[in-house]
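Dear colleague,

Here is the structure I promised to pass on. My notes on it follow below.

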Amino acid sequence: MNVKDKVSFDDTKQAFVYKSDAQLKKTYRLFQLMNQSWLVKAGTSLTILAVKWRLPINGLLRSTIFEQFVGGETLEQTSTIVNDFKKYGISLILDYGAEGKESEQDFDKAKNEFIRVINYSARFENIPFIGIKLTALARFALLEKLNGSTKIAVDQITIDNAPLSGAEQQEWANVERRLVEICELAAQKKVGILIDAEESWIQNTIDALTMKVMQRYNQKQVVVYNTIQLYRHDRLEFLKYCHELAIANGFLFGAKIVRGAYMEKERRRAGSQNKLSPIQPDKSSSDQDFNDAIAYSIQHLDSISVIVASHNEYSSQLAVQLLQEASLPTNHPHVHFSQLYGMSDNITFNLAKAGCNVSKYLPYGPIEDVIPYLMRRAQENSSVAGQTSRELFLIEKEIKRRGI
């Protein structure tokens with residue numbers, strides 16, 4: 001790729017074109033706070049306690065971290081962002097921020113909300129996908145109990161429910177029913193379903209169920225995507241294996257590739273149980289596998305549809321470069337880029353300007369429901385080396401450019 005063909009991620013005028021002067025300054029102040037790791041650690045603990053004790057902190061959260069990373073408390077409130085971003089060629093991935101629920105009533109409520117999100121998304125040209133967590137549809141303990149009895153083989157995908165009690169088997173049947181209902185409507189409405197990755201001790205169950213529905217609904221178009229966390233040392237081979245399975249069984253493989261969001265929790269658990277950590281030995285190994293996953297996917301776009309979900313400028317640039325080297329359009333229908341709402345606007349808006357398919361991952365929901373998501377965003381920005389510093393540098397550069 002020639003230098004002139006590269007996408008510039010330093011164009012702050014384009015990156016923050018949608019923010020007013022006041023919004024830009026407010027964002028700068030928030031990232032300054034998140035750049036203090038001790039403050040994030042203390043704030044996270046205090047926020048969790050405040051919610052538990054029902055202290056009146058919703059107003060503070062709503063005007064700060066919630067406003068930065070979440071699209072609204074209701075589905076309808078996201079429409080302003082959806083319409084604003086459409087002007088810049090940017091799509092949205094809607095995600096109802098429910099997770100960690102425990103009752104069948106909660107799971108059916110979440111399923112009905114996902115159905116509503118699909119119908120809502122189908123009304124907009126720039127909402128091609130919705131994200132879901134399986135823990136919004138199933139008890140964590142149930143997924144964990146099945147984790148060791150799943151098998152993803154080229155000839156058969158099996159989830160052996162023998163370890164479950166009679167009541168639990170009915171629970172599991174309900175989980176499968178909910179997911180099938182969601183995917184059935186999504187296929188009809190042509191809205192993609194991105195099933196999130198979660199903790200490794202429930203991930204086998206998630207993978208097996210996702211591959212089962214993928215085999216059913218990805219026959220002619222890619223409806224269902226599995227999320228592959230490349231901070232795990234076994235996931236690059238898993239991606240390749242799932243692709244081989246898809247080819248052998250005559251369906252298209254949908255993959256959303258990410259680095260991951262549960263690293264510290266994974267390491268703590270592995271250490272406490274004296275087990276080998278599933279996490280890569282170092283960041284460079286994770287980066288290498290992520291970039292290899294991009295390359296592998298782009299080499300097989302006839303049978304893979306990939307979402308490059310990354311805040312890494314090099315990885316995003318690499319995907320564009322590989323498309324160009326293969327003489328493929330940067331807006332190839334089987335390649336989509338995505339970043340979280342509230343982060344890495346320099347990547348999102350400049351990829352869109354270059355003609356790439358790109359979206360923001362936009363969660364919504366009541367503040368109490370999205371607290372886990374918000375805490376992960378705060379921790380991620382304070383723990384990922386250079387992430388917040390880069391955000392601050394770019395915002396400061398734009399503030400200086402505007403002279404405000």
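A residue is called buried here when its relative accessible area is under 20%, exposed when it is over 50%, and partly exposed in between (1.4 Å probe, protein chains only). This is a predicted model, in which local features need pLDDT of at least 70 and side-chain atom pairs count only at pLDDT 80 or more, while totals for chains, interfaces and linings use all residues. Residues are numbered from 1 along each chain as its sequence is written, and side-chain values use heavy atoms, with hydrogens and water left out.

Cysteines

Cys183 has 0% relative accessibility and so counts as buried. Cys242 is also buried, its relative accessible area being 0%. A search of the whole structure for disulfides (pairs of cysteine sulfur atoms within 2.5 Å) finds zero.

Helix 8 and helix 9

Helices are DSSP runs (H or I, at least four residues), numbered from the N terminus. The axes, which are lines fitted to C-alpha atoms over the stretch in contact, with angles running from 0 to 180 degrees between N-to-C directions, come within 11 Å for helix 8 (residues 166-189) and helix 9 (residues 200-217) and cross at roughly 40°. The two helices are therefore oblique to each other; angles under 35 degrees count as roughly parallel, over 145 as roughly antiparallel, 65 to 115 as roughly perpendicular and the rest as oblique.

In this contact (heavy atoms within 4.5 Å), helix 8 contributes Trp172, Val175, Glu176, Leu179, Val180, Cys183, Glu184 and Ala187, and helix 9 contributes Thr205, Leu209, Lys212, Val213, Arg216 and Tyr217. Sorted by class, there are nine nonpolar, one polar and four charged residues. Ala, Val, Leu, Ile, Met, Phe, Trp, Tyr, Cys and Pro count as nonpolar, Asp, Glu, Lys and Arg as charged, and the others, Gly among them, as polar.

Helix 10 and helix 12

The axes of helix 10 (residues 235-248) and helix 12 (residues 283-299) come within 9 Å, crossing at roughly 20°. Helix 10 is therefore roughly parallel to helix 12. On the helix 10 side the contact is made by Leu236, Leu239, Lys240 and His243, and on the helix 12 side by Asp289, Asp292, Ala293, Tyr296 and Ser297. That contact has four nonpolar, two polar and three charged residues.

Helix 14

Helix 14 (residues 345-353) has eight of its nine residues buried, so it is largely enclosed by the rest of the structure. The buried residues are Asp345, Asn346, Ile347, Thr348, Phe349, Asn350, Leu351 and Ala352. Gly355 follows helix 14 and has a positive phi, near 90°.

Regards
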